[in-house]
Amino acid sequence: MDAVAQDYSPDDIVFLAVAGKSSPEKSAQRAAELFGERITWGYDDAVWEPFGSPYQPYTILITGGDVIVEEWYGPRDADSLRAAVDHLLSVG
Amino acid sequence: MPLAFSYPPATSNVSPVRRLLLLLVIALVAAACGSAADDVSAPAQSAAEQDVPATASDTTAGGEVTEPIEEPSEAPPATTSTDVPAETVAPQPAFDGPPAPDFSMTLADGTEFVLSAETRPVYLVFWAEW
């Protein structure tokens, strides 16, 4: 995810990782290992609930108009992620 | 149609043949007028049989059925693609999908994120450190 995020301008898309089901301290330590500057993140268990408290990792692509374009569980390879992001950018 | 004729006096020197021709011409003219009168009534009857609304057609004094009169319409007149102002071009329809629940959260850098306030597309991933 981090490598893919660096391919896109911050003006075009937001990469947001929402941590939960653990502790802010442990999550911060892991985030430092996983994410570069291009990915913003935060710890908030409450945000999981509106999305059904999903298993993780759970990814959702949302348009600038707050419409869900695609969502999936589990990891995907970089090319698949780029294709998904390109599609998101094409629809809004 | 009343016709007034003044026949020449019997003492005139009009020959019987000319008199007969004159009567024949009069008869032909009378027959022609009768035929024209029938033609005048025919179109009106036809229009009535077609059950055309009175506002949609008109009959002239001569009995001719004119083209239907177009009712005024509230729709704007048709325009060509070349004279459509840019601001009237319909925008692309938004992506048809389920709405994302709105949420707000404090990010690790201390800033506040509100989904509904974000105008850029969002790649959102839920994750746990374990």
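The dialogue below moves from confidence to chains, and then to the contact and the core.

Modeller: This is a predicted model, in which local features need a pLDDT of at least 70, side-chain atom pairs count only at pLDDT 80 or more, and totals for chains, interfaces and linings use all residues. Residues are numbered from 1 along each chain as its sequence is written, while chains are lettered from A and ligands numbered from 1 in the order in which they are written.

Biologist: Where in chain B is confidence lowest, and where is it highest?

Modeller: The term pLDDT is the predictor's confidence in each residue, from 0 to 100. Where pLDDT is low, the predicted coordinates should not be read in detail. Chain B averages 67, and 42% of its residues score at least 70. Within chain B, confidence is lowest in helix α1 (residues 16-49), with a mean of 62, and highest in strand β2 (residues 112-114), at 98. Residues 40-63 of chain B have a pLDDT below 50, and this stretch has 21 contacts in the model beyond near neighbours in sequence. A contact here joins two residues whose C-beta atoms, placed from the backbone, lie within 7 Å. The model as a whole scores ipTM 0.97 and pTM 0.59.

Biologist: How many helices and strands does chain A have?

Modeller: Helices (H or I, at least four residues) and strands (E, at least two) are DSSP runs, numbered from the N terminus. Chain A has four helices and four strands, in the order α-β-α-β-α-β-β-α from the N terminus on. Chain B has one helix and three strands, following the pattern α-β-β-β along the sequence.

Biologist: How many of the residues of each chain are buried?

Modeller: A residue is buried if 20 or more other C-beta atoms lie within 10 Å of its own, exposed if 12 or fewer, and partly exposed in between, with C-beta atoms placed from the backbone. In chain A, 27% of the 92 residues are buried; in chain B, 6% of the 130 residues are. Among contacts in chain A between residues at least 6 apart in sequence, 55% join residues at least 24 apart. In chain B, residues 24 or more positions apart account for 3% of the contacts with a separation of 6 or more.

Biologist: Which strands does β3(A) pair with?

Modeller: Two strands pair if DSSP finds at least two bridges between them. Strand β3(A), residues 58-62, pairs with β3(B) in the antiparallel sense over five bridges. Here Leu61(A) stands opposite Tyr123(B), and Ile62(A) stands opposite Val122(B). Five bridges also join β3(A) to β4(A), residues 68-73, again antiparallel, with Tyr58(A) opposite Tyr73(A). β3(A) and β4(A) form a hairpin with five residues between them, and Asp66(A) in the turn has a positive phi of about 65°. Four of the five residues of β3(A) are buried.

Biologist: Which element gives the largest share of the side of chain B that touches chain A?

Modeller: The contact takes 29 residues from chain B and 45 residues from chain A. On the chain B side, β1 (104-106) and β3 (122-127) each supply at least two residues. The largest share, six residues, comes from β3(B).

Biologist: Which residues touch the most other members of the largest nonpolar core?

Modeller: In soluble globular proteins, nonpolar side chains tend to be buried together. A nonpolar core is a set of buried Ala, Val, Leu, Ile, Met, Phe, Trp, Tyr and Cys residues joined through C-beta atoms within 7 Å. The largest core has 25 residues, of which Leu16(A), Val18(A), Ala19(A), Ile62(A), Tyr123(B) and Leu124(B) touch the most other members. Its largest share, six residues, comes from β1(A). Leaving aside neighbours within four places in sequence, Leu124(B) is in contact with Leu16(A), Val18(A), Ile60(A) and Ile62(A).

Biologist: Why does Gly20(A) count as buried?

Modeller: Gly20(A) is buried because 22 other C-beta atoms lie within 10 Å. Gly20(A) lies in the loop between β1 (14-19) and α2 (24-34) of chain A. Not counting residues up to four places away in sequence, Gly20(A) touches Tyr43(A), Asp44(A), Asp45(A), Trp48(A), Phe126(B) and Ala128(B).
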